[in-house]
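Here is my notebook from a walk through one structure, kept in the order I looked things up. Have the sequence and the 3D view open, and follow along with me.

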Amino acid sequence: MATRIDRAQVAETALRLLNEVGLEGLTLRRIAQELGVQAPALYWHFKNKQELLDEVATEMFRRMSGSLTAVDTSTWQEFLTGSARVIRNFLLGYRDGAKVYSGTRFRGVGYASPVEGMMRVIVDAGFTPKAAARAWFTINTYTMGYVIEEQSVYPIPGSGERDPAYELAERARKLEGYPLAIEAGEVFFNDLDAGFEDGLHAVVAGIEATLLPPSGGPAGVE
């Protein structure tokens, strides 16, 4: 039974429980039960669930940062697409991983060094600091949003079990007479790997067209 706990221990326990209970079931009371303490003991560290999620997201970033720093930096395109794939694969490893990670605030300043390194790769490729930040933020939010949708279709990591609400044959039956809507569903919910890559390349093309300054010309974002 745990007698002394710290924030890191709580975050690690929360991540361990996430695949079992999902975001909705990830409560301070449930974590306290897992740690063998009373729930009030956790309120010493976290005032509410949002503070807990901030700590969990910080730990998630810490765990993926090694893989992010190992991404190919030979071109900014390879760097951004490789980083997006790292984030996606990591978040898919946890039930509701993208929902947990998105909309949070990192704790402390431990994230600063990896973020500085990632920004440096983009700036060195010719982006202004503002444009580099916009490029990274755009890639990051595209990836999180895609994974949120992806985890609605396949909620249990690694199971390959599709949520019945996304069964394409049943969806097509309900939408009989709306062929374009049916086809859209086939694109949205069928080959999710291919869908991610298609969207990722579209985002990168947009970044190149709008944020990267042409040689000798003004930047898209000053």
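**Entry 1**

I am working with a predicted model, so I checked confidence before anything else. The average pLDDT of the protein is 92, and 95% of the residues score at least 70. Confidence is lowest in helix H3 (residues 40-43), with a mean of 84, and highest in helix H5 (residues 76-92), at 98.

**Entry 1: The overall build**

What is the protein made of, helices or strands? I counted eleven helices and zero strands. Reading from the N terminus, I noted the order of elements as α-α-α-α-α-α-α-α-α-α-α.

Next I looked at the extent. Taken along the principal axes, the C-alpha atoms fill a box of roughly 60 × 50 × 25 Å. Of the 222 residues in the protein, 39% are buried. I also looked at how contacts span the sequence: among those between residues at least 6 apart, 68% join residues at least 24 apart.

**Entry 2: What the record says**

I turned to UniProt for annotations. Its unreviewed entry lists "domain: HTH tetR-type" at residues 4-64. In the model, that stretch is 77% helix and 0% strand, and its end C-alpha atoms lie 27 Å apart.

The unreviewed entry also places a "DNA-binding region" at residues 27-46. Here I found 60% helix and 0% strand, with the end C-alpha atoms 11 Å apart.

I stopped at Asn-48, which sits in the loop between H3 and H4. Is Asn-48 buried or partly exposed? Its relative accessible area is 37%, so I wrote it down as partly exposed. I also compared Asn-48 with Leu-28: they are 20 residues apart along the chain, and their C-alpha atoms are separated by 8.2 Å.

Gln-50 belongs to helix H4 (residues 49-69). With a relative accessible area of 28%, Gln-50 is partly exposed. Which residues does Gln-50 touch, not counting those up to four places away in sequence? I found Gly-103, Thr-104 and Arg-105. I noted Val-100 too: Gln-50 and Val-100 are 50 residues apart in sequence, and their C-alpha atoms are 9.7 Å apart in space.

Val-71 is in the loop between H4 and H5. I wondered why Val-71 counts as buried. Its relative accessible area is 11%, and buried means under 20%, so Val-71 qualifies. Leaving out residues up to four places away in sequence, Val-71 touches Glu-78, Phe-79, Gly-82, Ser-83 and Val-86. I also looked from Val-71 to Ala-32, 39 residues away in sequence, and found 37 Å between their C-alpha atoms.

Asp-96 lies in the loop between H5 and helix H6 (97-101). I flagged its backbone: Asp-96 has a positive phi of about 60°, although it is not a glycine. Asp-96 also counts as buried, at 17% relative accessibility.

**Entry 3: Where H7 meets H8**

For my last stop I picked a pair of helices. The axes of helix H7 (residues 112-124) and helix H8 (residues 129-153) come within 9 Å and cross at roughly 120°. I recorded the crossing of H7 and H8 as right-handed.

Which residues meet where H7 and H8 are in contact? From H7 I listed Met-118, Met-119, Ile-122 and Val-123, and from H8 Pro-129, Ala-132, Ala-133 and Trp-136. Sorted by class, this contact has eight nonpolar residues, no polar ones and no charged ones.

Ala-132 has a relative accessible area of 0%, so it is buried. Setting aside residues up to four places away in sequence, Ala-132 touches Met-119, Ile-122, Val-123 and Phe-127.

Notes:
Residues numbered from 1 in each chain as written. Predicted model: local features only at pLDDT ≥ 70, side-chain atom pairs only at ≥ 80, totals over all residues. Heavy atoms only, no water. Axes fitted to C-alpha atoms, helices over the stretch in contact; angles between N-to-C directions. Helix = DSSP H or I, 4+ residues; strand = E, 2+ residues; numbered from the N terminus. Left-handed = near helix turned anticlockwise from the far one by under 90°. Contact = heavy atoms within 4.5 Å. Nonpolar A, V, L, I, M, F, W, Y, C, P; charged D, E, K, R; others polar. UniProt positions renumbered as here; feature names shortened; annotations may be inferred. Buried < 20%, exposed > 50% of the residue type's maximum accessible area, 1.4 Å probe, protein only. pLDDT = per-residue confidence, 0-100.
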